[in-house]
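Student: Could you walk me through this one and show me how to read its features as we go?

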Amino acid sequence: MTGNRAAAALVDTRHEYQHLFSIYVPIAIGVFAVIVLAIAFCVLRYRRRPVERAARWNENNRLEGAYALALAGVVVFLLYLTFTAEHRVDTVSAREKPSVIIDVVAAKWEWSFRYRSYGITRRSGTVGRQALVVPTGEAIRFNLSSVDVIHGFWIPEIRFKRDVFPGITQSVTLMFPSAGSFQAQCSEFCGLRHADMLFDVRAVTPSAFASWARSGGKATVS
Amino acid sequence: MTATATPVPAQSRVSGWLGAATSTDHKRIGLNLGLCSLAFFALGGLFALLMRSQIAQPNEHFVSDNTYNQLFTMHGSTMIYLFVTPMAIALALYLVPLQIGAASLTAPRLASTGFWVWLCGGLIMESSWLTADGAGRAGWFSYVPLSNGTNTPGVGQDLWVMGVLLAAIGMWVMGGCVVATIGRRRAPGMSLMRMPVFTWTALASMLMVLGAFPALIIVMSLLFIDRHGGHIFVGFNGEIDYQDLFWFFGHPVVYVMFFPYLGAAAEAISVNSHKRWFGYGAFVGSIMLFAALSMSVWAHHMFVTGGVTNQYFAFTSTALAVPAGIEYFDAIATMVGGSLVLRTSMLFGITFFVQFLIGGLTGIFVASPVLDYHVNSSYFVIGHFHYTLFAGSVFGFFAGVYHWFPKVTGALLRESLGKLQLAIMIVGTNMTFFPMFILGEDGMSRRISRYPTHPGWGTLNLIESIAAGIIALGVLTFLVNVFVSLRTRVPAGPDPWLGQTLEWAAPSPPPPLNFDGPLPPIRSYAPLLDLRHERHDRQSHEARQEIAS
């Protein structure tokens, strides 16, 4: 690959998620704080007053309408952010030219990861724990299919999952921004030993990945 | 209007258990449904405690994988099909006729039949525990192809399907009776825009039952056929069809399980603030908008399937923030300028709004596809919907119980025990469900009987499991309160709290035809408050005249 320039242009699902998260969460905390403070104020200010002092007004449609418009404004803002991020995660990433293609086949209760160009197949689940090895900073196309029920291909490290259905192959293009070893697990309940459908992801530098792939998956990856 | 021509149901000729079982009195049907729902609540809670025992630590072997799968399936199914939803209908059956000044329900025999069909459904569903291959074990939404005859064979899952089907039919029928009653039995003067807040929430809820439950009835029928060689849900499109049909029921039911409890909390807050509910017109509009919108958000459950138009459902789901925000505005503005009495019902009502908010705000979060790509099917979602259903609806339910228990039984519940229950439940609820957000964000998948020894997971799960026991203690405190209050009765009288709506004009408990005298004039949605204001104004006017003369 041509190095950092190409990598920087690739869609980073972890970044997209964290960017949205960093805006949604403060808004949520702010709204929560305002409402709790308002309720606390009411409780402290208006408790144990004589019944006769209770006010009789019960409507202010203009104020409420303005408030609803403000809420609608927040909704539009959040949707704008979400749609922008979703466009990148779903549409832009799909246009990227992958440097590695991995066929992911889910079955009760194991994952198999087939690297077609290298003739490597790795398996993880009730049969054992072979890691899914991927290069960092490159577009990787995952072709997802299942042989039996719906499973969930979820890699928490990059904040992305896609359900894996029988009868169809769906493709997603993902990028691992940093090296490391990450836990992953089936996210869609798939029967008796759902809990055992675990796998590890080993993200390594492109050169380490290349030598691992050349060895037919036999070399140990560091 | 023809209120005077309302056909009067004949007095039951049988008494005792048989009389209660065959009664056509809406209060009796509502109580039967409510009490059975409570029994199922206890059962579903027991399943939760067993689940939490298994996952208190990463690699426990308290129950087998197979048993755990049955436990979470039956916990979800029991709580949704047999507790929170039917309890919402039970509140509506009991309270709506009283609130609109009706003597009885429209089609009471049909409602009674609905109750029995629902109960049979519930018992059939739970009877699946007794089969050789165990109870239903494909999750409460039982996606195909996992739930088909190949992947989940056996009678247990069949009984689960049949149980859900019958429970849905029963609830659909009862929901229809409530809607018909609102349409046909309102007292003279009780126009739609004078109906109490709770009745409006019940109407919105029951309209959704009418609109959404047929999808569940159909999808369960088709699943049954599919399980027996029918090949209905074939291929990717078939699987997506199942999910579309299921969630077309499955999301509206979330609001069926929310509105009446919102209504209960709203009544508790306005009565204990000695003010009528603020922004009635806006509230009614927003609740109907809420109901309409929530019929069009279902596929946000399917963001990660690749089979739906994510933007559309993200739009409708996020837009729910507008009507939800109006409800909060109204709740707070009702308290402003009021005269607040912090009774147990009021405190439960306030806690409902505070805790539900965490569920609502995280709901906005999961309405964003990009965020949902990470947290879907994780413990984050479990935390989210338990904040809506338990920290929200169940607290709203208890607000309603403390508010209307004196009406139903004629006796007051103990305030001290009620506040103790509230305190225990606040601690238990937040300790159980808040760590789930952290676990889910950190990558813990739902529905797993064992989990990796990830840093922190064991500790957080242990906290949750202990706190689940604290919740159980809170529920136990409630049962003790009911027992004590019914054994040594403190008579409530017809209107212990200065109620605002017509049920407080009836004796406690109300007689078979609800009202023993003429109804007070109905000029707004708070007729009893109107009367008190008039009386107060007249007295102060007379006092002024006396001083003047």
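Tutor: Contact here means that the C-beta atoms of two residues, placed from the backbone, lie within 7 Å. Helices (H or I, at least four residues) and strands (E, at least two) are DSSP runs, numbered from the N terminus. With that, helix α4 (residues 206-214) of chain A lies across β5 and β11 of chain A, at about 130° to β5(A).

Student: Before we go on, what kind of model is this, and how are things numbered?

Tutor: This is a predicted model, where local features need pLDDT of at least 70 and side-chain atom pairs count only at pLDDT 80 or more, while totals for chains, interfaces and linings use all residues. Residues are numbered from 1 along each chain as its sequence is written, and chains are lettered from A and ligands numbered from 1 in the order in which they are written.

Student: Which strands make up the sheet with β5 and β11 of chain A?

Tutor: For pairing, DSSP has to find at least two bridges between two strands. Here three strands form an open sheet in the order β5-β11-β10 (chain A), and the pairing is mixed. β5 (132-135) and β10 of chain A are the edge strands with a single partner each, so each has one side without a neighbour in the sheet. On average, neighbouring strands are turned by 25° against each other, direction ignored. β10(A) runs antiparallel to β11 (residues 198-204) of chain A, with six bridges between them; Gln185(A) has Leu198(A) as its bridge partner in β11(A).

Student: What is the strand order in the open sheet of six strands?

Tutor: The order is β4-β3-β2-β1-β6-β9 in chain A, again with mixed pairing. The edges are β4 (128-129) and β9 (170-175) of chain A; each has a single partner strand, so one side of each lacks a neighbour in the sheet. Further in, β2 (residues 110-115) and β3 (residues 120-125) of chain A are antiparallel and share six bridges, with Tyr115(A) facing Ile120(A) as its bridge partner. The loop between β1 (100-107) and β2 of chain A holds Trp109(A), and the peptide bond from Lys108(A) to Trp109(A) is cis, with omega near -10°.

Student: Is β8(A) buried or exposed?

Tutor: A residue is buried if 20 or more other C-beta atoms lie within 10 Å of its own, exposed if 12 or fewer, and partly exposed in between, with C-beta atoms placed from the backbone. Five of the five residues of β8(A) are buried, so the strand is largely enclosed by the rest of the structure. Phe160(A), Arg162(A) and Val164(A) are buried on one side, and Lys161(A) and Asp163(A) on the other. β8(A) pairs with β7(A) in the antiparallel sense over five bridges, and Trp154(A) stands opposite Lys161(A). The hairpin has four residues between the strands, and Arg159(A) takes a positive phi near 55°.

Student: How many residues does each chain give to the contact between them?

Tutor: Chain A gives 70 residues and chain B gives 70 residues. On the side of chain A, the elements that give two or more residues are α2 (13-46), α3 (61-92), β7 (151-155), β8 (160-164) and β10 (180-185). By class, that side has 43 nonpolar, 11 polar and 16 charged residues. In this scheme Ala, Val, Leu, Ile, Met, Phe, Trp, Tyr, Cys and Pro count as nonpolar, Asp, Glu, Lys and Arg as charged, and the others, Gly among them, as polar.

Student: Where do the positive phi values in chain B sit, in buried or exposed residues?

Tutor: One of each. His231(B), not a glycine, has a positive phi of about 45° and sits in the loop between α6 (197-230) and α7 (235-250) of chain B. His231(B) is exposed, with 9 other C-beta atoms within 10 Å. Asn514(B) has phi near 75° and lies in the loop between α17 (457-487) and α18 (527-548) of chain B. Asn514(B) is buried, with 21 other C-beta atoms within 10 Å.

Technical notes
Axes fitted to C-alpha atoms, helices over the stretch in contact; angles between N-to-C directions.
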